[in-house]
Amino acid sequence: MIITIEAGRDFHITGQSTTEISDSINTAVEIARDHSMTEGWQGIIVTRHGPDMYTVNLSSDVPYGVTVERDLTSGNQPKDWGRQAAI
């Protein structure tokens, strides 16, 4: 399930299955990517907060055209999963 926090920019994702969560993340990233392309200066952060809770956000901390994945379940410090071209 996707809950929109701020249209096109911030999304809260939960789900009952891996497939549901993955599909929701992909949808939220696509919406965020489309919004980012209209502004042209922010990248996307996908953050894992727990096994069934994620957020997708536009961020000026991430270069335009880049998606960063973080896992906050591995302790107190964010762990970057990697970067990939978003556009």
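Q: Which residues is Ser24 in contact with, leaving aside its neighbours within four places in sequence?
A: Contact means heavy atoms within 4.5 Å. Ser24 is in contact with Met1, Ile2 and Ile13. This is a predicted model: local features need pLDDT of at least 70, side-chain atom pairs count only at pLDDT 80 or more, and totals for chains, interfaces and linings use all residues. Residues are numbered from 1 along each chain as its sequence is written, and side-chain values use heavy atoms, with hydrogens and water left out.

Q: Is Ser24 buried or exposed?
A: Ser24 counts as buried because its relative accessibility is 9% (buried is under 20% relative accessible area, exposed over 50%, partly exposed in between; 1.4 Å probe, protein chains only).

Q: Which residues make up the largest nonpolar core?
A: Nonpolar side chains tend to be buried together in soluble globular proteins. A nonpolar core is a set of buried Ala, Val, Leu, Ile, Met, Phe, Trp, Tyr and Cys residues joined through side-chain atoms within 4.5 Å. Here the largest has twelve residues, including Phe11, Ile13, Ala28 and Val56. Its largest share, five residues, comes from α1 (helices, H or I, have at least four residues and strands, E, at least two, as DSSP runs numbered from the N terminus).

Q: Which side chains meet Arg9 in a salt bridge?
A: A salt bridge is a side-chain nitrogen of Lys or Arg within 4 Å of a carboxyl oxygen of Asp or Glu. Arg9 pairs with Glu6 at 3.5 Å, N to O, and with Glu39 at 3.0 Å. Arg9 and Glu39 are 30 residues apart.
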